[in-house]
Amino acid sequence: MMQTEVDEVSEPYVPHRGSSSTMPNKFNPISCVYIHALAATVRQHSAALMDAMLCDHERATGPWEIEWIVLPEAFILTAGALSQTKSMMAGLQVHPKNMMRNLNLTKGLIVSEAVMMSLGPKLGRQSAHDLVYTYCRRALDEDPYYADKREKFPPTIERVPGKDYSEGARVYNLANPIPT
């Protein structure tokens, strides 16, 4: 989510932390890199712990001693990942305008599932899917905004009583889940 072309969130800015050695405009997500590496290492320790569960007949010759090596390291690595996560989340920079820009790239089609699911109980899931699918394909072919295309839906949709579909297709609500 921090790539230039997405840019929806950023790690907290710390001078020179994560700066690229060749591209001065770039800021690498250092905490994310650490968290990912630490989590991957801990995940691999689970294989060693599975081997530690083996038990020899009548006497243990060492598999259980794997725990002495792996468990302390797993705890230390997990603590490091949690520490990086805590500092990253404390200063996380959220870019709602970029979120909205990215949501709007689909011209409203991102909410087609919500529209289909709201139609499903009255039209049947497959009929709702087929109907919304048809209008999504038309929207892609003709390049209008999906909400505009929905205004031209056939009367079948109007037969669903008491349902306001205008809210279901507002991309704005996806980026602002807290009602104002």
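What percentage of the 180 residues of the protein chain count as buried? In this predicted model, 27% of them do.

**View 1. Overall fold of the protein chain.**
The secondary structure comes to 7 helices and 2 strands. Along the sequence, these elements follow the pattern β-α-α-β-α-α-α-α-α. Among contacts with a separation of 6 or more, 59% join residues 24 or more positions apart.

His45 sits in helix 1, which covers residues 30-52. Is this side chain's residue buried or exposed? His45 has a relative accessible area of 14%, so it is buried; the cut-off for buried is under 20%. Leaving aside residues up to four places away in sequence, His45 touches Val70, Glu73, Ala74 and Leu77.

**View 2. Gly80 and Ile35.**
Gly80 belongs to helix 2. That helix spans residues 66-90. Along the chain, Gly80 and Ile35 are 45 residues apart. What distance separates their C-alpha atoms? The separation is 7.8 Å. Gly80 has 25% relative accessibility, so it counts as partly exposed. The partly exposed class lies between the buried limit of 20% and the exposed limit of 50%.

**View 3. A nonpolar patch on the surface.**
Which residues form this patch? They are Trp64, Trp68 and Ile69. Together they have about 380 Å² of accessible area. Trp68 lies in helix 2. Its relative accessibility is 59%. Trp68 therefore counts as exposed, since the exposed class begins over 50%.

**View 4. Two cysteines, Cys32 and Cys136.**
Cys32 is partly exposed, at 30% relative accessibility. Cys136, by contrast, is buried. Its relative accessible area is 12%, which puts Cys136 under the 20% limit. How many disulfides does the count give? With a cut-off of 2.5 Å between cysteine sulfur atoms, the count comes to 0 disulfides.

**View 5. Helix 2 revisited.**
This view brings together residues from the earlier views. Helix 2 holds Trp68 and Gly80. Trp68 is exposed at 59%, whereas Gly80 is partly exposed at 25%. Trp68 contributes to the nonpolar patch with Trp64 and Ile69. The C-alpha atom of Gly80 is 7.8 Å from that of Ile35.

Definitions and conventions:
Residues numbered from 1 in each chain as written. Predicted model: local features only at pLDDT ≥ 70, side-chain atom pairs only at ≥ 80, totals over all residues. Heavy atoms only, no water. Patch = residues over 30% accessible without salt bridge, like charges linked within 9 Å, V, L, I, M, F, W, Y side chains within 5 Å. Areas by Shrake-Rupley, 256 points an atom, 1.4 Å probe, with all protein chains shown as cover. Salt bridge = Lys/Arg side-chain N within 4 Å of Asp/Glu carboxyl O. Helix = DSSP H or I, 4+ residues; strand = E, 2+ residues; numbered from the N terminus. Buried < 20%, exposed > 50% of the residue type's maximum accessible area, 1.4 Å probe, protein only. Contact = heavy atoms within 4.5 Å.
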